[in-house]
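The sequence and the structure are shown first.

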Amino acid sequence: MFLTYITDNFGKKIEQRFPKLPSILFFLSFSIYTMSQYLSGTLFKLNNQFIFYLMTLATLLAILKIILFDKISNIYKLLIITIILLLYAAGKNSYDFNLYYYAFFIFSARNIDFKLILRWFIALLVSLISITALSAILHLIPTLAVGRTNSSVLRLSLGSIYPSDFAARIFHLMVAYATLRKFNFNLAEIISFLAISVTTFVITDTKLDLILMLCLIISIVAFPTIKTIFSKVNPYIINLFVTLFIIFNLGLAYFYSSANPVLRKLDSLLTGRLSLGHIGFKDYNATLYGQFVYQNGWGGLHGTITNYFYIDSSLVRTLLMQGIIAYIFILWLILRNIHKFSTNRQYSLLLALLFIVLSSAIDQHLIELSFNFIFLASFTNNNYFIEHKEQF
């Protein structure tokens with residue numbers, strides 16, 4: 001009743017007078033939060049308390065949009081608040097609030113044109129990355145220059161906290177642009193993507209991200225065929241394969257043994273992700289509401305690391321840190337969106353989601369909004385991405 005009173009007496013009157021206000025509230029909150037989270041992943045000197053205030057302001061604007069302007073039932077609004085509170089508990093236990101913050105924007109993006117969100121996301125990230133890289137090149141901020149064991153290749157981060165973070169950011173940005181273009185590229189764009197992939201590899205020496213980028217380019221070339229396959233495959237089959245992929249990745253980490261030569265070789269190819277994930281399962285295992293997992297990584301500026309431990313795989317990391325309840329929420333988002341995108345013939349969104357899930361096996365950015373944009377499409381207006389049957 002209270003929410004109905006607020007919506008009817010304030011929300012409707014305000015929206016009638018300022019019809020663009022709901023959209024403005026979302027994009028303002030989205031921009032504030034994305035910039036704040038992005039800067040936290042760079043080597044700019046930041047006041048952490050100020051960043052927290054910015055993130056809090058962003059979430060307040062987002063929830064204001066939901067309560068005042070979203071045309072959903074009070075029960076649904078209470079359900080959203082309940083989910084956010086559960087994710088807050090997971091964040092409090094794990095000291096990682098990324099999923100909690102992300103949830104505000106997943107729900108507040110309702111009915112916003114996702115094409116506009118993607119355009120703004122790309123413009124914002126390109127600007128921020130350019131400013132950061134230029135600042136690092138001009139020595140206005142530090143940049144990491146590290147090497148691998150038994151390798152003379154120098155890896156640069158260009159202002160990011162680690163070279164692999166910079167490569168992952170470029171990959172996610174490439175996926176965002178491909179999604180906006182509905183994977184319909186001309187030759188110049190394909191050559192540009194190849195140049196970006198090679199340049200990123202030369203700078204960061206991240207082989208796994210290079211493979212992902214090349215797979216993305218191949219999928220762009222083959223997208224007419226991919227659309228045809230998507231149109232003929234039942235979405236439940238795709239959901240089954242994705243579920244098995246996630247279970248397989250969790251199982252590889254859980255049952256990893258250095259005594260197994262196949263697993264040991266695979267772990268080497270994945271630069272230790274299986275063995276580190278196994279240590280995480282052995283020392284912490286999954287909990288219901290999440291937990292703090294002490295990790296000591298190479299990212300950022302610090303002294304010599306003698307006891308390195310960092311879980312890169314989001315599929316393992318999120319389960320161990322956020323807990324089973326939060327993990328169920330993520331799985332629900334993934335599987336729900338696969339079914340939605342497939343049923344509505346929004347195949348570019350579907351392929352983008354599959355690439356994000358694939359990359360989550362090797363990177364830790366699944367629940368970071370400044371990397372992974374695709375969850376924002378859960379409740380948005382996605383009509384632009386509908387593929388008409390006569391096109392394939």
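Across the whole structure, which is a predicted model, a search finds one cavity of 30 Å³ or more. The largest cavity has a volume of about 40 Å³. Its lining is formed by Leu86, Leu87, Ala89, Ala90, Leu288, Tyr289, Gln322, Ile325 and Ala326.

Two helices, α4 (74-94) and α15 (324-343), each contribute at least two residues to the lining of the largest cavity. The greatest share comes from α4, with four residues. By class, the lining of the largest cavity comprises eight nonpolar residues, one polar residue and no charged residue.

## Helices α5 and α15

Helix α15, which contributes to the cavity lining, also packs against helix α5 (residues 98-108): the axes of α5 and α15 come within 12 Å and cross at roughly 35°. The crossing of α5 past α15 is left-handed.

On the α5 side, the residues in contact are Leu99, Ile106 and Phe107, and they meet Ala326, Phe329, Ile330 and Leu333 of α15. Seven nonpolar residues make up the contact of α5 with α15, with no polar and no charged residues.

## Helices α15 and α16

A further partner of α15 is helix α16 (residues 347-360); these two helices pack at an angle of about 155°, with their axes 8 Å apart. Because of this angle, α15 is roughly antiparallel to α16. The crossing of α15 past α16 is left-handed.

The α15 side of the contact consists of Ile334, Asn337, Ile338, Phe341 and Ser342, while α16 provides Tyr347, Leu349, Leu350, Leu353, Leu354 and Val357. In the contact of α15 with α16 there are nine nonpolar, two polar and no charged residues.

## Helices α8 and α9

Helix α8 (residues 187-204) and helix α9 (residues 207-221) form another packed pair, whose axes come within 9 Å and cross at roughly 175°. This angle makes α8 roughly antiparallel to α9.

From α8, the residues Ile190, Phe193, Leu194, Ser197, Thr200 and Phe201 take part, and they meet Lys207, Leu210, Met213, Leu214, Leu216, Ile217, Ile220 and Val221 of α9. The contact of α8 with α9 contains eleven nonpolar residues, two polar residues and one charged residue.

Technical notes:
Residues numbered from 1 in each chain as written. Predicted model: local features only at pLDDT ≥ 70, side-chain atom pairs only at ≥ 80, totals over all residues. Heavy atoms only, no water. 1 Å grid on protein atoms, 1.4 Å probe; cavity = no way out; pocket = protein on both sides within 12 Å on 5 of 7 lines; lining within 4 Å. Points joined across faces, edges and corners; volume = space filled by probe spheres on them. Nonpolar A, V, L, I, M, F, W, Y, C, P; charged D, E, K, R; others polar. Axes fitted to C-alpha atoms, helices over the stretch in contact; angles between N-to-C directions. Parallel < 35°, antiparallel > 145°, perpendicular 65-115°, else oblique. Contact = heavy atoms within 4.5 Å. Left-handed = near helix turned anticlockwise from the far one by under 90°.
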